[in-house]
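Here is a short note for a colleague who is opening this structure for the first time. Please keep the view open while reading the points.

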Amino acid sequence: VSQIDHEMIQATALKMVFDVLLLYGTELFGNDGMVNEVDDGAQETDNIPDFPDEAGDKKQDVDQATQCLLKILAEFLDHESFAMREISAEGLAKLLYCGRVLSQRILGKLILLWFNPVMEGSAILRNLLGTFFPVFAAADK
């Protein structure tokens, strides 16, 4: 989503990205439809073969591309526009609830956003997160 586009175009594009991810998951990247976020700093060298095959390289590239996409989408939670924050929070909450993404970082960012005093002015965002957390916690996953 370009930084120079009008906010309405950005909002529509962001909604479209979340809709595609909700519908197809990360299968578009070649994954099994669900992403488990890995810690950037902790890479296991025991599981990396000395001579990786082509399929292993593609899977690692897919995981990196998916992680990069999630990072970009999570950055919209810090956008200056309340509308973009609301769309991003709603989309990420839906991805978490549907099980398309399992990410402690994204869940943590949503919790911080919920308790952020600056968000007092956004009733839609407070209502959205206030509904999401109890339902997500009660979900049998």
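1. A contact here means heavy atoms within 4.5 Å. Leu110 touches Leu77, Ala89, Ala93, Leu96, Leu129, Phe132 and Phe133, not counting residues up to four places away in sequence.

2. A word on the source. This is a predicted model, in which local features need pLDDT of at least 70 and side-chain atom pairs count only at pLDDT 80 or more, while totals for chains, interfaces and linings use all residues. Residues are numbered from 1 along each chain as its sequence is written, and side-chain values use heavy atoms, with hydrogens and water left out.

3. Now the core. A nonpolar core is a set of buried Ala, Val, Leu, Ile, Met, Phe, Trp, Tyr and Cys residues joined through side-chain atoms within 4.5 Å. Buried means under 20% relative accessible area, exposed means over 50%, and partly exposed lies in between (1.4 Å probe, protein chains only). The largest such core has 25 residues. Leu14, Leu92, Ile106, Leu110 and Leu113 have the most contacts inside it. Helices α1, α2 (54–75), α3, α4 (104–115) and α5 (123–138) each supply at least two residues of this core. α3 gives the most, with seven residues. Helices are DSSP runs (H or I, at least four residues), numbered from the N terminus. In soluble globular proteins, nonpolar side chains tend to be buried together.

4. Next, α1 against α3. The axes of α1 (residues 7–24) and α3 (residues 82–98) come within 10 Å and cross at roughly 0°. Axes are lines fitted to C-alpha atoms, for helices over the stretch in contact, and angles run from 0 to 180 degrees between N-to-C directions. α1 and α3 are therefore roughly parallel to each other (angles under 35 degrees). The α1 side of the contact includes Leu14, Phe18 and Leu21, and the α3 side includes Ile87, Leu92 and Leu95. The residues of this contact divide into 11 nonpolar, three polar and three charged. Ala, Val, Leu, Ile, Met, Phe, Trp, Tyr, Cys and Pro count as nonpolar, Asp, Glu, Lys and Arg as charged, and the others, Gly among them, as polar.

5. Is Gln10 buried or exposed? Gln10 is in helix α1 and is buried, with a relative accessible area of 5%. Gln10 and Met84 are 74 residues apart in sequence, yet 8.0 Å apart in space, C-alpha to C-alpha.

6. α3 also packs against α5. Their axes are 10 Å apart, at an angle of about 10°. This pair, too, is therefore roughly parallel. Ala89, Ala93 and Leu96 are among the α3 residues that meet α5, and Leu128, Phe132 and Val135 are among the α5 residues that meet α3. This contact divides into 10 nonpolar, no polar and three charged residues.

7. Last, the rings. The structure holds four aromatic pairs. Rings of Phe, Tyr and Trp (its six-membered ring) pair if their centres lie within 6.5 Å; planes under 30 degrees apart count as stacked, over 60 as edge-to-face and the rest as tilted. The rings of Trp114 and Phe115 have centres 6.4 Å apart and planes at 75°, so this pair is edge-to-face. Trp114 is partly exposed, at 22% relative accessible area; Phe115 is exposed, at 64%. Phe132 and Phe136 are stacked, 5.1 Å centre to centre, with 25° between the planes. Both lie in α5, four residues apart, about one turn of the helix. Phe132 is buried, at 8%, whereas Phe136 is partly exposed, at 24%. Ring pairs link Trp114, Phe115, Phe132, Phe133 and Phe136 into a cluster.

Note on methods:
Angles under 35 degrees count as roughly parallel, over 145 as roughly antiparallel, 65 to 115 as roughly perpendicular and the rest as oblique.
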